[in-house]
Amino acid sequence: MYQYIARRLLLTVPVVFGVAVIVFSIVRFLPGDPARAIAGVQATPEFIEQVRVRYALDEPLHVQFGLFLQGVARGDLGRSTFTRRPVTTEIAERFPRTLLLASVSLAIATVLGVGAGIVSATRRNSLFDNASMFIALVGVAAPVFWLALMLQLLFAVQLRWLPATGMGSWRHVVLPAVTLGSASAALMARITRSSMLEVLRLDFITTARAKGLTERVIIYKHALKNALIPVVTVLGLQFGILLGGAVLTETVFAWPGVGRLLVDAILRRDYPVVQGTVMLLALLFVLINLVVDVIYAYLDPRIHYQGGGEE
Amino acid sequence: MRTTLRSGLTTVVALSLAALFLFLLGCPAETAEETVTRDTLTIAIGAEPESLDPVNMTSAPAATVGEHVIERLIYMETDGSLVPMLAESWSANADSTVWTFNIRQGVEFHDGEPLNAEAVAINLRRFVDPDVGAAYAFLLGSVQEITAVGEYELELRLAQPFAPILSHLSHSFIGIVSPAQLEGLSPSDAIEIPVGTGPYVMNAWNRGESITMSVNDNYWGNTPQIENLVFNFIPEASARIVALETGEADAIMAVPPQDADRLDANPDIDVVYETSVRTIYISFNNVREPFTDRRVRLAMNHAIDKQAIVDGLFGGNAFVADAPVTSAVFGHTAVGPYEFDPDLARELLAEAGFADGLDVTIHHPTGRYPLDATVAEAVQDMLADVGVNATLETMEWSSYLAFTAQPPESAEYEMFMLGWGTVTLDSDYGLFALLHTQQWNPNGNNRGFYSNERVDELLSAARVETDPATREEMYAEAIQLIWDDAPWIFLYNEGQINASRSDVGGLIHHPLENLSAWDAFFID
Amino acid sequence: MSTATATDATQVEQKRKKTSEFREVLKHVVRNRAAVAGLAIIGFFLIVAIFAPYIATHSPTQTSLVSRLQTPSAEHLLGTDELGRDLFSRMVFGSRISLNIGLISTLIGVVVGVPIGAVSGFYGGKLDIITQRFIDIMIAFPGILLAIVVVTVLGVGVQNVMIATGIASVPVYARLVRGSVLAAKEQSYVAAARAAGLGDISIIFKHILPNCLAPIIVQSTFQIATAILWAAGLGFLGLGAQAPTPEWGAILSNGRAYIRVAHHLTTYPGLAILFMVLGFNLVGDGLRDALDPKTR
């Protein structure tokens, strides 16, 4: 097991390096002149030159990359060209908010999704099953930013039940978390349902039934435990996707997290911040995948540890 | 995982849910509830300041918030007149190369440090320090030496006379902070919470959310009436409006034109329309055929129905340009607009040899200025009516800037749309930088390669002339010449719309897109 | 969002390709009412896209400042936008753009991803390890993020959106096909082909890939849906199609400023995206069930 974890950790090293290369390239392969973009339209030629020197944009590429890696190793991602504050500070302030939003979304998605999935599976083809699976289909298909706008329009602008944007109290979390969690909830409902149905067909359930156990015990004690293995995997992956997916939701709800930071930074051509946030989100996702794989290997005895984990 | 729609029932349920939803959308909003706390004024602004460190500020939101905390030597009133702030008085030597400022005595920073000439000198030196690299350092570009010649006497030496120096010094970004705060600060470091001399003391900056301040009881001027001031950042215009309607905010900035009428109809809300300092234009590449022909340039100016753009797209909240700078700017003279006359435009084009039409390409930014792409489309439509077939090209902003910064021999553009904010409220910054021959790419911002000898003479002379009346005459002549040459399609000046609860008085709406609350009060 | 279904698709058991098999699948799809509904939705949008010039009542780009922001009426079925353009006509032409983006970006993903996965799986060894690390790097960007990064570098516009979403889907195909090839490689017919003296390339393309077709088709159906959603998301963020292109996400994004005075500008484009994505997802579900002998 430890060997497996060590191997997986080792495999992430080239991935992290590759992510760094891609992130570094974002600025360098931009069309146009990054120094000019950073300096702005009303900038004097002298100021553009200053910017070029300050961000080492006049150095050859490999030197720039070396500087970039050194910085990353020191935990220095440069300074925002917009606020001039260290990128790490900017991210450190916003990341907990994204984490909060993603966690609440995931909680909502899990409770709704797994709940609906179990009930649907046990009452297959009932009205509840059909209705919830239909809603799940729509939930996956609805563009998240559109759902966000519609919920905002309804609950914040028309009904005035919840604040439209910003953060502060728990009331601010509700709309963005529901929006962000909807697709995950839908996905989890479908996966839980199918996983549950599969397990219910297996031999040991038939045996349990034969032994005269009540349906309730069969479902919650025997079937659920086995059916939730794939759900746990998806749950972990969804968390990473939620962190990335927060980009759209945070933009609509003006939730001051890393997603909005990223979009603002792109629109302002604040490339050090773009690099930093992309780097962070990618690394987190890699880390989460790693944890998910390990948990999965732990839960499912069928996985052999010597495998690359890519099964 | 199989999902079958067994019965039509689910469809019915879904459809009725959708119907209910649409019904609720159509319902009128509930009436606003009153939740005003009387000792706090809340202002919702659209963008968070990038920084409140004077050397890092670049935006109007930063200026608006910063002004309440940090002050500069000279204040510019909404009418453009310059009045003493931290400098009580000033004078210049005979050729206006040495300026002496008498710093106000008995003023303390929020941390108790005294204000004196040395404190100001430290701040100004930092502002022009190339290692610090302030984006607006050019404001003091003419200053060669900054010296505290006495406890309360500051001297600025200029390389050559520079008339707009006073309006440059009045810029909100040249704020003076406590020298204690700058001590030991490395050039690349920035101040997070500025300690100034202003009417309000800044308490906290909740990043992404708000900035809070409370009144400075030790203020040298009139102490504000309202105890606390909160600036909330609400980027979404519709959310800002809801906040104002519910009383969550007492005032909001940047109301979209399409919402202004509806807000104005609300008896609890006052809407304020104000000019801004930004001019939007489409420049010709004046050294490229056929734009070297004045008739072609004139024709396109006559072909555009500026009023329709202003009324139709901006709901009246923009102003048809009547000069290359806006009316709030010192030196402005109204010489236009070019009459909307498609027949005359066609005639002029025919005279120039384009009776059968003309193909042009217009480059324009998207999302840089309000409705920029929309305006470009409208212009395209109007040009088509007089036989000018315009192709629109948009680009990423960074590429766009580089593309329009090419020297004349490699410039590939024919026409391009840009905006320019004359943030010093002095024609020098609006005209010299954009239209003087010295400023041709790559030396400056004359991207359209306009050149007129007499205009160059006037703009250079007005820079060093110290008599305001004479300067005004010079600018009047230059503006008339520029207008007649028509190096741009003169479009419009942006406006700004703010709104406040009717029970708030004394707010100052500035053409520089600042909203000031130090004179504000609640009406009972 | 439907990427998670990729793993399900890999589980689809490999089957020999025969006409009777195809009929069998078709029969199952047709019997599945949800899939039929999906096919109907896709068919509807296809017809709208193909005959757009005949269906549209106005020019999608003709502006009219006097008739801006009108609510739906007989003249303007879905109202007008901020420039007075007819929303119905813009949406009709927009269906072309969304379908194009969905199909072309998926094609890019297939054309690039499938050979990578096939070669990587077939040869194994160092080549496989290196390719897998590249794929890992691409997969390190969650969801729409990779597309955002690519568009940031390439610049905005419909073409770049296609490329960006296409690139973002490459790893999905590479992994899927690699898995299938690894399984197929061990089959007896590969050994037989090799014994017959066939080269690697023709073994991969003539024998192995045809047997991996089912999961690729299923995945592609979902991928089209995902690409449409991503493209709309990019358009919404202002990183996608640029004015005056009537891309649905961009229309929605522009309309957002007018949500209080003209909410039809946000409501209808959103519904259109929802239905188109729903259509592809339903067909994808149906195809997967039909191709999976366990659920037949």
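Predicted model: local features only at pLDDT ≥ 70, side-chain atom pairs only at ≥ 80, totals over all residues.
Colleague: Which residues of α3(C) are called buried?

Modeller: They are Ala34(C), Ala35(C), Gly38(C), Ile42(C), Phe45(C) and Val48(C). The word buried asks for 20 or more other C-beta atoms within 10 Å of a residue's own.

Colleague: Why do you say that the buried residues of α3(C) line one face?

Modeller: Look down the helix axis. The buried residues fall within an arc of 150°, so they line one face of α3(C).

Colleague: What does the face turned away from the buried side carry?

Modeller: That face of α3(C) carries Gly43(C) and Ile47(C), which are exposed. Exposed asks for 12 or fewer such neighbours.

Colleague: What makes β4(B) and β5(B) a pair of strands?

Modeller: Pairing needs at least two bridges. Five bridges join β4 (residues 87-92) to β5 (residues 98-103) in chain B, and the strands run antiparallel. Ala87(B), for one, stands opposite Ile103(B).

Colleague: Which residue in this hairpin takes a positive phi?

Modeller: Ser96(B) does, near 60°. The hairpin has five residues between its strands.

Colleague: What makes up the secondary structure of chain A?

Modeller: Chain A has twelve helices and zero strands.

Colleague: How much of chain A is buried?

Modeller: Buried residues make up 52% of its 311 residues. The C-alpha trace of chain A spans about 85 × 55 × 30 Å along its principal axes.

Definitions and conventions
Residues numbered from 1 in each chain as written. Chains lettered and ligands numbered in written order. Helix = DSSP H or I, 4+ residues; strand = E, 2+ residues; numbered from the N terminus. Arc of directions from axis to C-beta.
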